[in-house]
Amino acid sequence: MISANSFLSFSIKKTFQILSTATFCLLLSCSSQNEQPEVNPLPSEEAYTVFRNGHKVGFLNITRSGDTLISDYDYKSNGRGPGSKDTIVLNAEGFPVKWDIAGNTTFGNQVEEHFSLANNTASWKDATGKGEAIISEPSFYIVQSGSPYFLFLAARVLLNTEDRKVAALPSGQLELIEMESMQIQSDSASLKLTSYALIGHQMDPDYFILDENDQFFAYISPKFCIIREGYGDQEKEMRLLSEKYAAERFEQLQADFAHNYEGNIRIKNVRIFDPISLTLTEPSSVVVSGDKIIGIEAADAAVQENETVIEGNGGTLVPGLYDMHGHMGDERALSNVLAGVTSVRDMGNDHEVLSELIQKIESGVLAGPRITRLGMIEGKSPTNNNNGILVENEQQALDAVDFYHQQGYHGIKIYNSMKGEWIPAISKKAKELGLFMCGHVPAFSNANAMIKGGYDEMTHINQIMLGWVLEPDEDTRTLLRFTAMKRFGDLDLTSDKVVETLDLMVKNKVGVDPTLAIHEYGLLGRNGTTRAGVVDYAENMPVNTQRNYKVALFNISDEEEDKAYRLAYDKIIETLREMKKSGIFIVPGTDLGGGFNQHRELELYQQLGYTPAEILKLGSYDMANYLGHENLGEIKTGKLADFFLVPGNPVENIKAIKTISMVSRGGTIYYPSEVYPSFGIQPFCEKPVVN
């Protein structure tokens with residue numbers, strides 16, 4: 001058995017989004033005549049329960065007849081979720097030779113995929129288009145969509161290979177790593193289990209568990225679990241296992257790549273972005289001691305004894321960025337720091353998980369941004385979000401406000417299944433306790449009511465605009481809050497209903513967190529085309545990640561719908577321009593994990609009328625002031641040493657922030673070019689010279 005820490009040294013990393021099922025593998029063979037060990041027989045029927053954050057949300061049922069497997073998979077959380085019915089034919093060695101899938105992705109994009117293997121030729125058709133390959137050795141084909149059970153089918157054959165490795169299509173190699181053995185006692189029975197990781201198919205490993213007969217028992221992640229029916233009482237323990245594996249992995253990455261130099265650090269010969277003047281300084285050197293900036297000197301100032309010198313080579317030093325709409329986990333914490341996003345506002349998370357994450361970041365065990373916490377409150381409903389604190393009445397909501405205040409949270413975030421009539425009382429209590437107040441618009445309400453009810457900030461631009469196009473009885477707890485954006489194109493922004501909302505926002509000093517990048521993804525993304533938000537770095541990513549970038553978020557059924565969504569995006573841009581002109585404060589956040597996506601969020605603000613320099617100021621200095629972070633937002637003596645180095649000039653071209661050679665997070669130095677190969681990412685620039 002390979003230990004977890006040994007596994008960390010060669011595992012491949014990805015920002016894992018469990019709501020997507022496009023990460024599971026279909027195993028194919030070059031020929032049924034290949035010599036293969038006999039695989040364990042599959043049962044004729046299997047049943048599994050899907051849990052999210054401890055709540056039962058769906059099912060996975062497997063039936064087998066001869067060489068044919070049928071998988072029926074579906075789960076729904078927060079009013080959305082994937083569903084698929086898969087039919088797969090296996091050869092004698094357990095390799096699929098035919099596979100058909102029909103269903104939908106998390107946000108409703110229709111799935112129709114087909115795979116076949118004949119005469120050593122594999123062919124497939126998925127959302128990215130058609131593909132074909134001549135097979136000279138047994139290879140796994142990485143599918144775009146499918147039931148998680150096929151992860152087990154891949155492992156089932158890998159267990160019978162000598163080195164537990166196999167070639168992958170369209171490229172690369174898959175490897176199965178044994179993690180640990182365990183025994184559980186449940187109401188159903190006592191079982192001996194073994195956990196595994198599959199690596200190579202994406203940037204994160206997938207973790208799953210087999211029983212003593214090498215049959216599928218569970219698929220596990222920190223927030224999501226698919227577990228054998230009858231063992232639901234074990235799902236939390238199973239999720240904690242995956243959380244442990246992920247934590248150990250990222251702790252090892254921190255140990256390998258975080259640089260804490262003895263003595264002072266001098267970043268030499270850089271031009272510093274000044275958010276006050278919106279210009280770059282003359283060439284300078286920045287001196288850091290511990291976690292603070294202790295001096296800014298001339299570029300050619302004498303190097304002092306025991307200083308580590310990082311050659312800036314005339315590049316630009318930029319204050320650390322903020323992602324104001326995050327949901328932090330171990331992998332997102334590291335990816336944000338490497339992208340120069342050194343502060344994140346977490347907009348809803350499990351309290352215990354987030355508290356532990358913050359403790360590990362602040363103690364230096366994990367790499368991660370400074371996290372400002374908002375406590376999420378959601379009402380119970382058939383389509384509620386299984387995050388934050390779920391409440392059934394107003395008093396429970398007020399108690400949740402008390403809890404978050406006692407735990408030191410910055411504010412409160414409201415979600416869709418809350419009752420709109422509870423908001424004034426919740427806001428009143430939050431304000432009495434000094435808490436910030438923001439959120440979605442509860443179903444059957446509108447932005448005007450939330451502004452009058454005490455919101456300080458509106459979350460997502462579509463949440464505001466839906467109030468201008470929906471009928472009173474239409475339910476936004478479902479995918480309607482996305483699909484109804486098709487109606488935005490017909491909006492008259494000079495109409496009374498629009499002007500009333502904007503006037504209310506101005507009068508009550510209510511800001512907006514538009515999450516523009518995710519709207520670009522949803523409204524403009526199309527199957528088969530690399531979406532605009534990732535074009536600048538897609539080629540640096542692993543091949544299978546590049547394929548995922550060609551899958552649309554929403555379903556586009558015809559030309560009319562295509563046009564409606566494009567017009568909706570244009571209207572969102574027009575609305576945000578009007579907000580900016582009116583003086584409404586715009587807060588940059590992604591809801592896409594930050595990192596590279598925060599670069600895109602900021603880049604898009606040029607469409608609203610911001611200059612690159614204004615964008616840099618908004619994403620750093622303005623957000624520090626907005627959150628009351630007096631020691632952040634500027635590269636200045638006495639401030640905390642949160643900044644990043646780029647070779648180019650982002651004041652002239654905002655895209656320059658996408659090429660980062662060095663990041664300082666509180667004086668701990670990271671060189672992205674050192675870390676990215678561990679994720680299967682080709683570095684964007686070279687590491688600076690360090691003396």
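**Salt bridges**

Mentor: Glu603 is buried, at a relative accessible area of 7%. Keep in mind that this is a predicted model.

Trainee: Ok, so which residue does Glu603 form a salt bridge with, and how far apart are the closest N and O atoms?
Mentor: With Lys655, and the closest N and O atoms are 2.5 Å apart. The two sit in distant parts of the chain: Glu603 is in helix H15 (residues 596–604), while Lys655 is in the loop between strand E31 (642–646) and strand E32 (662–665), 52 residues apart.

Trainee: Switching topic, how many salt bridges does the structure hold?
Mentor: It holds 36.

Trainee: What about Asp513, what does it pair with?
Mentor: Asp513 forms a salt bridge with Arg345, with 4.0 Å between the closest N and O atoms. Asp513 is in strand E30 (residues 511–513) and Arg345 in strand E24 (residues 341–346), so this pair ties together parts 168 residues apart in sequence.

Trainee: Are those two buried or exposed?
Mentor: Both Asp513 and Arg345 are buried.

Trainee: Last one: what does Lys486 bridge to?
Mentor: Glu561, with the closest N and O atoms 2.8 Å apart. Lys486 is in the loop between helix H10 (480–483) and helix H11 (496–507), and Glu561 is in helix H14 (residues 559–582). Lys486 is partly exposed at 31% relative accessibility, whereas Glu561 is buried at 11% relative accessible area.

Notes. Residues numbered from 1 in each chain as written. Predicted model: local features only at pLDDT ≥ 70, side-chain atom pairs only at ≥ 80, totals over all residues. Heavy atoms only, no water. Salt bridge = Lys/Arg side-chain N within 4 Å of Asp/Glu carboxyl O. Helix = DSSP H or I, 4+ residues; strand = E, 2+ residues; numbered from the N terminus. Buried < 20%, exposed > 50% of the residue type's maximum accessible area, 1.4 Å probe, protein only.
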